[in-house]
Amino acid sequence: MSLVNAAHGRSEDTSAESPAGAPPRGARRSFRQVAGAYAALAKPRVIELLLVTTIPAMFLAGREVPDLWLVLATLVGGTMAAGSANALNCVIDADIDKVMNRTKRRPLVKDSVPRRGALVFGLVLGIASAAVLYFTVNLLSAILAIATILFYIFVYTLGLKRRTSQNVVWGGAAGCMPVVIGWAAVTGTVQWPAFVMFGVIFFWTPPHTWALGMKYRDDYERAGVPMLPVVATAQHVARQIVVYSWVMVAWTLLLLPVTSWLYATFAVVAGAWFLFYAHRLHASVRRGVETKPMALFHRSNTYLMIVFVALAVDSAIGLPVLGLPF
């Protein structure tokens, strides 16, 4: 997710005409270059993580391996919905992306995609995602996908991102929706385990994003985005990361009634592993020594993958569920 601006050599007669990394004006680009620029608008690396959570949700919904065509259709529709939200986000946040080193190579900043083209691309992807899900999956999944796009754009990007340090807490709800869509694709309904999985990702998002924010604090401050690491001390941020990490790990245990000892083992062990690094970050900040927030950021991706893969494997094997203790 982290993009570092690279220096590009340019001739004297084009440097004043083109943004860093962009081809000289009037230069012809191949179809592959144009397609690649539009694909970059969708932020494919972000979508990968969404898919990692959608598939296990579908496994758990039926407590078995779901129909593979249904999985494929859900992933195609879900990918298009996520790509739509990300592309529209790029359009709205182009001014921010220009001043952040982490995002200076995005297509709109480099002028490799026209703003109008990006807007049309995002809107078409959103409409197409709803059509794919409606005709190949079910109506509920299509409605949830459109609701997710609208929430991400109007609530998070336009409403929260530039106004409050709690932006990623509440705005992160959009990133939790793939598990609900996956569950709805299999069952045609939304039941309590889907909301528990939603909660796991909801509480995972702040530690994940704030660790990134600690690393790129200057970027966010320069862009005027009030991420928590910008407006609060490092100690406060690290303490909040620990709190949300504990809640997240505890929340994963709410799925024990519908899973077996296999998932329980991985949830506990992976949770202890992640908590260790969250506390280590907090301890480093308190002592005033060098911290490595990106280490926690990358481990958060690994942690989420372990938990959800364990869910998928547990459901595919079909071991007896633990059930309720009463």
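## The domain interface

About 3,100 Å² is buried between domain 1 and domain 2, and carbon and sulfur atoms give 73% of that area. The model is a predicted one. The size of an interface is often expressed as the accessible area lost when the parts come together.

The domain assignment places domain 1 at 33–189 and domain 2 at 191–325. Their centres, taken over C-alpha atoms, are 21 Å apart. Domain 1 brings 35 residues to the contact, and domain 2 brings 42 residues.

On the domain 1 side, L60, R63 and R102 lose the most area to domain 2. Together they account for 21% of what that side buries.

## Polar links across the interface

Seven residue pairs are in polar contact across the interface of domain 1 and domain 2, with both residues at pLDDT 80 or more.

| Element | Residues |
|---|---|
| α3 | 44–62 |
| α5 | 94–99 |
| α9 | 167–171 |
| α10 | 173–187 |

The largest share of this side comes from α10, with eight residues. By class, the domain 1 side that touches domain 2 holds 19 nonpolar, 10 polar and six charged residues.

## Salt bridges

Side chains of opposite charge can pair when their charged atoms come close. The count for the structure is eight salt bridges. How many salt bridges does the rule find across the interface of domain 1 and domain 2? The rule finds one there.

R63 and D314 form a salt bridge, with their closest N and O atoms 2.5 Å apart. The pair links distant parts of the chain. D314 sits in helix α16 (residues 293–317), while R63 sits in the loop between α3 and α4 (68–92). The two are 251 residues apart. R63 is also among the residues of domain 1 that lose the most area to domain 2.

## Aromatic pairs

The structure holds 12 aromatic pairs. One of interest here joins W170 and F202. Their ring centres are 5.8 Å apart and their planes are at 55°, so the pair counts as tilted. W170 lies in helix α9 and F202 in helix α11 (residues 192–215), so the pair ties together parts that are 32 residues apart in sequence. Helix α9 is also one of the elements that give two or more residues to the side of domain 1 that touches domain 2.

Terms used: Residues are numbered from 1 along each chain as its sequence is written. This is a predicted model: local features need pLDDT of at least 70, side-chain atom pairs count only at pLDDT 80 or more; totals for chains, interfaces and linings use all residues. Side-chain values use heavy atoms; hydrogens and water are left out. Domain bounds come from an automatic or database domain assignment. Contact means heavy atoms within 4.5 Å. Buried area is the accessible area (1.4 Å probe) that two parts lose on being put together, summed over both. A salt bridge is a side-chain nitrogen of Lys or Arg within 4 Å of a carboxyl oxygen of Asp or Glu. A polar contact is a pair of N or O atoms within 3.5 Å; within protein, one must be able to donate a hydrogen and the other to accept it, and residues adjacent in sequence count only if both atoms are side-chain atoms. Helices (H or I, at least four residues) and strands (E, at least two) are DSSP runs, numbered from the N terminus. Ala, Val, Leu, Ile, Met, Phe, Trp, Tyr, Cys and Pro count as nonpolar, Asp, Glu, Lys and Arg as charged, and the others, Gly among them, as polar. Rings of Phe, Tyr and Trp (its six-membered ring) pair if their centres lie within 6.5 Å; planes under 30 degrees apart count as stacked, over 60 as edge-to-face and the rest as tilted.
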